Each structure stands twice: as structure tokens, then as C-alpha cells.
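Subject: Structure handover: pockets and cavities

Hello,

Here is the structure for your files. Please open it alongside this note. What I found follows below.

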Amino acid sequence: MIKGIVIFDVIICMFIFLGMKRCFSFFILIFYKLKRGITVQLKKIISLGFLLIAGLTCVNSTYGNSPKKPNILFIFVDDLGKEWVSSYGAEDIKTPNIDNLAETGLMFESFYSMPQCTPSRVSLFTGQYPFRHGWVNHWDVPRWGGGVHFDWTKNPGIARILQSAGYKTAAAGKWQVNDFRVQPEAMASHGFDDYCMWTGYETGNLPSTERYWNPYIHTKEGSKTYKGQFGEDIFSDFLINFMKTNKDNPMFLYYAMCLTHTPFTNTPSEPNVSGKYACHKAMVRYMDFIVGELEKALTVLGLRENTIIFYTTDNGTVSSITGMLNNREVQGGKQKITENGICAPFVVNCPGLVPSGKVTDALGDLTDILPTCAELAGAEFPESYNIDGVSMADVILGKSLDSPREWIMAMGGGNNAALSEKGVENQYRFRNRVIRNKEFKLFISSDRKPEKLISVVNDPEEKNNLLLSNEPKVRDEYEKLWKVVSTFPEQDNDPRYTPLPKELWDVKVTVQSQVWKK
């Protein structure tokens with residue numbers, strides 16, 4: 001028995017020093033050369049050693065050699081249409097770093113945002129359309145208050161999902177759907193391990209108006225002004241430091257840039273510019289510069305080949321700015337459901353993981369980001385989550401040329417919301433919207449009727465209404481899009497949240513709940 005224990009110890013020692021596979025091969029050889037001189041008891045002990053080594057070899061094969069979970073850097077630019085990204089055909093600007101991502105990655109031609117800030121952001125966070133999550137209209141929480149907030153107890157959250165899959169999570173830039181004076185730990189509750197956020201304008205707190213020079217920023221240490229500094233530098237430095245600290249873990253980095261939203265400003269790279277267009281172009285160039293700095297940091301840290309970079313925007317450019325796109329003049333489309341307001345630039349890049357130098361017409365929109373990132377991260381949804389989006393992971397990884405989608409949708413925007421005695425409510429019971437496939441786009445009015453049908457292929461300015469066309473192809477496509485309308489609820493939801501205590505800066509109740517709705 002003592003000999004058996006010694007032999008078993010020898011097997012374990014050899015396993016440690018020789019490695020599993022070589023140790024396994026060695027003992028098979030010894031066993032068959034000496035089996036006639038080994039007692040039955042020793043055979044059993046040696047066999048047990050074989051089983052141990054074989055089992056550990058399988059475990060190592062299954063887990064030890066499995067690919068590492070990819071890092072995800074999601075860059076979400078504020079107020080910028082395709083007419084200001086040169087890889088999409090912009091003629092008045094050069095964006096070399098974004099262009100490089102597009103040229104060495106996957107560029108989407110048919111990706112929808114919502115037409116304005118809040119509906120876009122909450123759709124991204126939740127994987128739900130505005131008619132479901134309720135934030136159909138823009139509501140600036142720190143500015144208007146009213147007890148309104150993006151409630152993590154009543155809504156899905158992308159950071160919480162990825163955090164549950166073992167990701168270290170960080171957010172930087174713009175948030176604006178919670179008031180950090182009232183909820184200083186909101187970002188942690190939404191699933192972010194660390195954060196560096198512009199507060200948004202907090203009514204009554206003048207320094208908080210600043211997001212660019214001398215920005216007012218909220219971190220775990222509280223909120224304060226960073227004198228003499230530029231907001232995007234602080235945000236990008238924060239994210240780079242987070243990468244350094246957490247590079248041995250999978251990371252989800254959410255960067256909601258303040259650029260290129262108004263007010264128009266000079267930048268650290270172009271401090272002497274002035275005037276609307278000169279400042280706007282400087283802001284776009286600095287946005288592109290920051291994208292390049294983040295990519296360089298990933299490369300220096302040895303993270304680039306395992307980091308999927310997403311680049312997109314929350315809506316079109318502000319309407320006071322016009323740019324040339326593929327030989328035509330395009331006015332900024334923010335707050336509009338025309339293509340210049342919602343068909344956003346969308347580029348995905350990861351060397352060796354995402355197809356390089358490809359352009360795709362696969363359909364997608366912001367509700368798809370949550371399920372896509374969850375699949376890439378190996379995360380699971382809680383059963384209580386009701387998601388409208390679908391995963392585009394197979395398209396992004398080059399496993400499929402097309403997404404599962406047959407249509408995409410955009411709706412909302414504007415300030416058509418008011419505070420009732422029961423909380424913030426949307427003005428329209430059914431908000432106007434657009435439904436689009438690869439060829440046609442259907443406009444639906446707020447009384448749930450078809451308003452306009454256009455060809456997105458042949459009519460980029462969306463002027464020619466095809467609703468009365470008798471052409472079989474057009475009628476067939478119209479019927480497909482019209483059937484989608486029947487799947488929408490009769491009435492859009494209002495935002496879901498437990499109201500916060502009243503504050504001095506809250507806007508007044510101005511409407512009677514539900515009665516005022518159109």
C-alpha cells in the first residue's frame with residue numbers, strides 16, 4: 001500500500017513538472033512495458049492517476065485554451081451625421097482616425113439612431129424602442145428634474161449585464177438621465193465600476209453648464225470644476241487609466257462624448273478658431289483625434305487585438321450646420337426622422353476578429369447594441385428583460401453577411417413631454433415614426449396612418465412619395481412595412497421610474513395625467 005501511495009505521488013509530481021499531456025504519454029508507455037510485474041492494487045492506483053491526468057487534460061483543453069473575452073469600447077458621439085465623417089463621403093472635413101477604423105473594419109450603411117439625445121441613449125442602454133421604455137421625448141433630468149430619473153430598478157441596463165459576465169465597466173462623458181446631486185451613486189447602480197461624467201446643466205448651479213473648457217465633472221469623489229482643462233481630455237485620460245488598471249480583465253468602456261454638441265468652441269488643437277463653422281470643424285477634428293488617442297492606448301497596452309471598437313452617434317448634426325456629402329448638400333437633421341437625422345455612421349473594428357475593409361448593408365439600430373454586446377461577452381439576459389433589439393454579433397464577427405433584421409425603426413425626439421401629477425408623460429399616445437428596410441422607408445403619423453413611402457436607394461432627399469404607386473414591387477414592399485405597424489402597442493409607454501423627492505429646481509406640474517394626451 002505504501003508503494004502505491006509513493007507511485008501516486010510520483011504521478012502527481014510528474015504532472016506538475018512535465019505537464020499534463022507529456023505526463024500522460026509517459027505513463028502509458030511505462031504501464032504497458034511493466035504491466036506483467038505490477039500487482040493488481042498498483043494497477044488500480046496507476047489507472048486512477050491516468051484518469052486524473054486525462055480529466056485535467058480535458059479541462060485544460062476546454063477552458064485553458066479558450067479565447068479570451070473581448071474588450072468592448074463603445075464610442076457614442078453627440079450630434080454628428082454622416083456628412084461630417086469622411087469615410088462616408090463627407091467633403092468638408094477629414095476624419096483620418098475614424099476613416100482608418102472603417103478601412104480596416106466593418107462600415108454599416110443602414111444603421112439607425114433615434115432623432116435626439118434621450119430616446120437614443122435609453123434605447124442603447126435598454127435594448128428597447130422608445131414606445132416600450134417610455135423615453136420617447138428628450139427630458140433633461142438635471143435641468144428639469146420633477147422627480148424623473150432613469151430608474152435602474154425598473155429598466156434593463158447594458159453595463160449591469162456585462163458586469164454580471166465578469167466585465168470591468170467604466171463610463172465617461174455625457175449621461176444626463178440622472179441628477180448626480182440627488183443620486184450621486186447612480187452610475188454605480190447602473191453597473192459601472194468607475195465613471196467620469198459631465199453632470200449636465202444642473203439648474204441653479206452655473207458651473208455645471210460647462211462641458212468643454214473648465215468642465216464640471218462628476219466622479220466617485222464628487223462633482224467639481226476642472227479649471228484650465230478640456231472635458232474630452234479628462235474623459236479620455238480617465239478611460240486610458242482605467243484600461244491600464246484593468247487590462248488583465250475583460251472591459252466594457254462606454255464613452256459618450258460631449259463633442260460635437262453645441263456650444264461651438266475652440267479646442268486644445270485649434271485654440272484660435274472662431275465662428276460657427278470654424279469651431280464646428282475644429283470640434284469634429286478633435287473628436288477624431290480623441291478616437292485616435294484611445295486606439296493608440298489600446299495598442300501600447302497590448303489590448304488592441306482583443307478590443308472591439310464601436311463608433312456611432314446619437315443623432316444627426318444640429319440643423320444650423322450644413323455639409324457636403326457625396327456631391328450633395330445635407331442640412332443637419334437633429335430631431336428629424338429623415339435619414340440625415342437618424343441614419344447614423346456606424347463602424348466596428350477589431351483586428352483579426354471583425355472583417356477588415358468591408359462595407360455592409362445589414363440593417364441595425366441602437367436597440368441591437370445591448371443584445372450584440374451581451375452575445376460577444378457571453379452574458380445572459382434576466383428573464384424579466386423584454387428586448388426589442390437583436391444581436392448583430394454574427395455580422396460583426398464575419399460569420400454572416402446579413403443581420404436577422406427585416407426592418408429598423410426610429411421615433412421620438414423634441415420636447416413633447418410635460419410633468420403631470422403622476423410623473424413625466426409623452427404628449428402623443430402614439431408618436432410618429434419611420435420603419436425602413438434596405439430599399440424603402442414608410443412614415444407613420446401620430447394618428448397611426450401611413451403618411452409617406454420613399455425609396456432610400458433612389459431618393460436620398462426623400463421627396464418622392466410612392467404611397468399611391470401601383471408598381472407591384474412598391475406595393476409589395478409597402479405591405480411588408482405596413483404589417484409591422486400592427487405589432488406596435490396601441491399606446492406608447494411613459495418613462496418607468498419611482499418618483500424622487502421634490503427639489504427646489506423641479507419644473508412645475510402643467511398637465512393633467514393622461515387627459516392632456518393627443
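The lining of the largest pocket divides into 14 charged, nine nonpolar and seven polar residues. For these classes, Asp, Glu, Lys and Arg are charged; Ala, Val, Leu, Ile, Met, Phe, Trp, Tyr, Cys and Pro are nonpolar; the others, Gly among them, are polar.

Some ground rules. This is a predicted model, where local features need pLDDT of at least 70, side-chain atom pairs count only at pLDDT 80 or more, and totals for chains, interfaces and linings use all residues. Residues are numbered from 1 along each chain as its sequence is written, and side-chain values use heavy atoms, with hydrogens and water left out.

**Pockets**

A pocket is an open set of points on a 1 Å grid over the protein atoms alone, with protein on both sides within 12 Å along at least five of seven lines; lining residues have an atom within 4 Å of a point. Volume is the space filled by probe spheres set on the points, which are joined across faces, edges and corners.

The largest pocket has a volume of about 830 Å³. Its lining has 30 residues, with Lys82, Leu325, Arg328, Glu339 and Pro460 nearest the centre. Strand 2 (106-112), strand 10 (328-331), helix 12 (339-342) and strand 18 (450-455) each give two or more residues to that lining. Strand 10 gives the most, with four. Helices (H or I, at least four residues) and strands (E, at least two) are DSSP runs, numbered from the N terminus.

The second largest pocket holds about 300 Å³. It is lined by 16 residues; Gly146, Leu419, Lys502, Asp506 and Val509 lie nearest its centre. Six of the lining residues are nonpolar, four polar and six charged.

**Cavities**

A cavity is a set of grid points where a 1.4 Å probe fits but cannot get out. The whole structure has four of 30 Å³ or more.

The largest cavity holds about 70 Å³. Its lining includes Phe125, Trp175, His190 and Tyr254. Helix 8 (residues 158-164) gives the most to this lining, with three residues. By class, the lining has eight nonpolar, two polar and one charged.

The second largest cavity holds about 50 Å³. Among its lining residues are Val141, Asp179, Glu503 and Trp505. Six of the lining residues are nonpolar, two polar and three charged.

Best wishes
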